[in-house]
Amino acid sequence: MKNIVFLTGAGMSAESGISTFRDSGGLWEKYPVQQVASIEGYYQDPELVLRFYNERRRQLFDCQPNEGHRLVAEMEKMFNVTVVTQNVDDLHERAGSRNVIHLHGELLKATSSKNPNDSRCICTLTKENPDISIGDKAADGSQLRPFIVWFGESVPMMEDAALATLKADIFVIIGTSLNVYPAAGLINYVKPGAKIFLIDPKTVAYPHGLDVTVIKKGASEGMKELLEMLSE
Ligand code: APR
């Protein structure tokens, strides 16, 4: 079986009703990104940050995977699939994808403020108990915080993502503006001769000189077209 790697972003979940970040009406138009998505912002106003992610978490419980997510999961019948996502939602897993790397964390998990990557401190939040509040303690006694990778923090899963990308025969980018590094740099790990596809309704800039097949559609319709192309 051939190896296929999907690099997905907020646009993958747009059809599930989750806002993207940089589109008009996106999250970063409504919220001050540095205050709610950076480690400095967390230390300046932890209550604001906890509230922001509590709201997004409650919204996620009411969302469902879309056809795009389902078709990505379907690909496991024909390929060795790795999904590398910048998304913190669990919609790929809920659609049936079994090999998902979350580069920017997971909204349904919480962790330690002292050592966010200490696996002994990572716990799962539920629909019955969705919120993190000031005073909630992690296993190490520190304030519990969202298991999210904020601007200014390292991206621990980047190495796994790069290793999977180096082995890809097919690399498919879906619903990301390729603005945020190191995730956007993964395209440079694709080996010569591997096929690259980009699914996005808008024009997305990618490194000059790369042979990329652009499918200018939304995630669901784009995945249907990709499936046809790959079955030819
Ligand atoms: N299907 C596919 N793509 C879509 C759809 C759709 N239905 N709707 C919008 N898009 C595209 C947009 O055209 C845009 O190119 O999704 C992309 C979303 O880009 P961003 O909002 O910049 O999101 P993303 O690239 O995932 O952001 C990366 O930035 O804010 C941080 O940590 C956050 O993980 C996030 C990272």
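**Entry 1: terms and model**

I count two residues as in contact when heavy atoms of theirs lie within 4.5 Å. The model I am reading is a predicted one, in which local features need pLDDT of at least 70 and side-chain atom pairs count only at pLDDT 80 or more, while totals for chains, interfaces and linings use all residues. I number residues from 1 along each chain as its sequence is written, and side-chain values use heavy atoms, with hydrogens and water left out.

**Entry 2: Lys 202**

I began with Lys 202, which touches Asp 23 and Lys 216 when residues up to four places away in sequence are not counted. I found Lys 202 in the loop between β8 (195–199) and β9 (212–215); here strands (E, at least two residues) and helices (H or I, at least four) are DSSP runs, numbered from the N terminus. Which residue joins its side chain to that of Lys 202 by a polar contact of 2.7 Å? I noted that it is Asp 23, where a polar contact is a pair of N or O atoms within 3.5 Å and, within protein, one must be able to donate a hydrogen and the other to accept it, residues adjacent in sequence counting only if both atoms are side-chain atoms. Lys 202 and Asp 23 are 179 residues apart along the chain, yet I read a separation of 9.9 Å between their C-alpha atoms. I also looked up the cover of Lys 202, which is partly exposed with a relative accessible area of 46%; buried means under 20%, exposed over 50% and partly exposed in between, with a 1.4 Å probe and protein chains only.

**Entry 3: the ligand**

I then turned to the ligand, which 23 residues surround, the closest being Arg 22, Trp 28, Thr 176, Ser 177 and Asp 200; a residue is near the ligand if one of its heavy atoms lies within 4 Å of it. By class, I found nine nonpolar, nine polar and five charged residues in this shell, with Ala, Val, Leu, Ile, Met, Phe, Trp, Tyr, Cys and Pro taken as nonpolar, Asp, Glu, Lys and Arg as charged, and the others, Gly among them, as polar.

For the atoms themselves, I noted that a polar backbone atom of Ala 10 is 2.8 Å from an oxygen atom of the ligand, and that a polar side-chain atom of Trp 28 also lies 2.8 Å from a ligand oxygen. In the side chain of Ser 177, an N or O atom is 2.6 Å from an oxygen atom of the ligand. Taken alone the ligand exposes 730 Å², and the protein buries 91% of that, the areas coming from the Shrake-Rupley method with a 1.4 Å probe.

**Entry 4: the loop between β7 and β8**

I looked next at Leu 178, which lies in the loop between β7 and β8 and has a positive phi of about 55° although it is not a glycine. I set this against the general rule that most residues other than glycine have a negative phi, and most peptide bonds are trans. Leu 178 is buried, with a relative accessible area of 10%. Pro 182 lies in the loop between β7 and β8, and I found that a cis peptide bond, with omega about 10°, joins Tyr 181 and Pro 182.

**Entry 5: helices α5 and α8**

In helix α5 (residues 67–74), I listed Gly 68, His 69, Leu 71, Val 72 and Ala 73 as the buried residues. These pack against β1 (3–8), β2 (80–85), α6 (91–95), β7 (170–174) and α8.

Which backbone nitrogen does a side-chain oxygen of Asn 66 reach at the start of α5? I found that of Gly 68, to within 2.8 Å. The side chain of Ser 220 reaches the backbone nitrogen of Gly 68 at 3.1 Å. I placed Ser 220 in helix α8 (residues 219–231), and it is buried with a relative accessible area of 9%.

**Entry 6: a three-stranded sheet**

Last, I traced an open sheet of three strands in the order β5-β4-β6 with antiparallel pairing, strands being paired if DSSP finds at least two bridges between them. β5 and β6 stand at the edges, each with a single partner strand, so one side of each is left without a neighbour in the sheet. I counted four bridges joining β4 to β6 (residues 144–148), where Thr 111 has Arg 145 as its bridge partner. Two bridges join β4 to β5 (residues 123–124), and Ala 110 stands opposite Cys 123 in β5. Six of the eight residues of β4 (residues 105–112) are buried.
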